[in-house]
Amino acid sequence: GWSCPTPLRKPGARPWWSDRACEIAKDCYGSMSQQILVVRSPVITAAAFLIAIGFGVSLPLISMRVEATGVSGAWIGLNAAMPALGWITGSALLPFLQIRLGVPFKRLLQMFLGLGLMALFGLRYADGYAEMTALRFLFGGAIGVVFRLIEFWINDVTGKDDRGRNIGIYNILFMVGLIIGSMLQPSFGVMGWAAFAPPLLMMVLGLVALQFWSGQPSPAVETAIPPSAYGIVLSVPVALLCVLAYGIYESAPTTLMPVYVLRNNLDSATAAHTLTAAALGNLILQYPVTAISDRIGRTLPMLICASTVAATSAMIPQALGNETLFLAVVALWGGAAGTLYSMALAMIGDRFHGGQLVVANAAFGIVYAVGSIAGPIVNGFAIDQMNTHGLMVLLAITFAVLSVVILVAQIVGVVRGRA
């Protein structure tokens with residue numbers, strides 16, 4: 001077990017941290033082997049990591065293949081929206097498959113991963129824009145649903161006291177997989193089997209790993225008529241708005257920040273480093289913040305993260321003159337946003353179970369996809385119409401409003417607790 005350092009317990013000595021902080025640290029980091037799904041279920045963890053690496057290789061590969069068709073930017077943008085449209089379609093099917101038909105969870109993972117593999121195999125031979133667009137819809141949608149199912153599984157099989165940290169660790173592994181995949185992709189090229197064999201192999205290995213997974217711990221889903229998605233979503237407005245805001249935000253570090261940096265007369269190296277900085281901040285903040293939220297509740301850490309995104313969005317234009325400071329602010333900006341999304345997922349798991357969690361997971365997946373579609377459009381419009389800093393102004397306003405909503409929810413929760 002974990003215990004507070006002995007020197008802090010000397011008689012008469014005043015510790016530099018309080019007993020309360022010590023207990024929080026003990027709960028956050030103690031008995032990890034018993035609480036963390038990475039340790040309890042290494043097979044499905046390995047499968048998710050392998051799939052993430054393959055997905056990371058495929059993202060730039062498919063984009064470059066579409067670019068090579070010579071279509072206009074508008075058509076490229078439509079193609080890029082296909083994964084999100086696939087998420088919406090696949091997520092909408094999940095309650096029917098899980099609740100009405102009672103398809104076992106492991107079988108669902110294998111079905112959607114198999115569909116994604118077939119679509120990626122088809123992309124190897126697709127040369128025309130129309131075929132690539134249809135196959136990207138299937139591939140992005142199927143693999144997105146696989147990750148959505150894994151998030152559902154984590155939410156269902158963990159308890160409230162360790163749910164946040166488990167989601168945080170999963171998101172860390174997912175991001176590391178994407179980073180590894182995207183770093184490896186240039187060495188494979190964009191043509192033929194040399195380009196497509198590596199991501200196919202990673203996902204086949206993930207499928208093989210799933211075959212050896214016992215399926216335990218298994219999510220408990222009763223077979224019945226699915227409950228109303230509208231009532232479920234509206235009953236947790238804070239989580240709803242956090243997921244939507246993150247969907248809108250996500251295109252900023254991945255696609256628009258390099259444009260923002262270049263338009264503000266910084267060099268291409270700094271533009272390339274912005275995504276790395278945002279990802280690094282996400283990796284650093286995920287576990288400690290989500291673990292603390294397991295101990296003290298979700299609302300206050302979510303408020304701090306949302307306020308941090310708003311504040312750093314306002315700070316980024318001021319930090320452009322100093323590259324080190326700029327990248328440090330971007331790291332905090334990216335880490336706070338990613339951690340906010342993890343805690344929103346944990347909040348959904350805290351509130352719903354069984355069939356209700358299935359519907360909530362699907363509904364929030366659709367909300368996230370809607371944000372992912374709207375984000376590039378509104379963020380790109382802000383860059384063009386509100387001078388170069390329009391992107392940061394829009395994000396600062398979005399997360400400031402979100403912070404106010406979370407603060408109101410925190411106050412209402414405190415008042416109800418005292419009533």
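**Note on a surface patch, a pocket and a loop residue**

1. Phe212 counts as exposed because its relative accessibility is 66% (exposed is over 50% relative accessible area, buried under 20%, partly exposed in between, with a 1.4 Å probe and protein chains only). Phe212 sits in helix α10 (helices are DSSP runs of H or I, at least four residues, numbered from the N terminus).

2. A word on the basis: this is a predicted model, where local features need pLDDT of at least 70, side-chain atom pairs count only at pLDDT 80 or more, and totals for chains, interfaces and linings use all residues. Numbering runs from 1 along each chain as its sequence is written, and side-chain values use heavy atoms, without hydrogens and water.

3. Helix α10 (residues 192–212) gives the largest share, 3 residues.

4. Now the second largest pocket: about 550 Å³ of space, lined by 21 residues (lining means an atom within 4 Å of a pocket point on a 1 Å grid). Nearest its centre are Val238, Thr299, Met347, Arg351 and Ala409. Helix α18 gives the most to the lining, 7 residues. By class, the lining has 9 nonpolar, 6 polar and 6 charged residues.

5. Have a look at Asn265, in the loop between α13 (251–263) and α14. Its phi is near 70°, a positive value in a residue other than glycine. Asn265 counts as exposed, at 73% relative accessibility.

Terms used: Helices (H or I, at least four residues) and strands (E, at least two) are DSSP runs, numbered from the N terminus. On a 1 Å grid over the protein atoms alone, a cavity is a set of points where a 1.4 Å probe fits but cannot get out, and a pocket is an open set with protein on both sides within 12 Å along at least five of seven lines; lining residues have an atom within 4 Å of a point. Grid points are joined across faces, edges and corners, and a volume is the space filled by probe spheres set on the points. Ala, Val, Leu, Ile, Met, Phe, Trp, Tyr, Cys and Pro count as nonpolar, Asp, Glu, Lys and Arg as charged, and the others, Gly among them, as polar.
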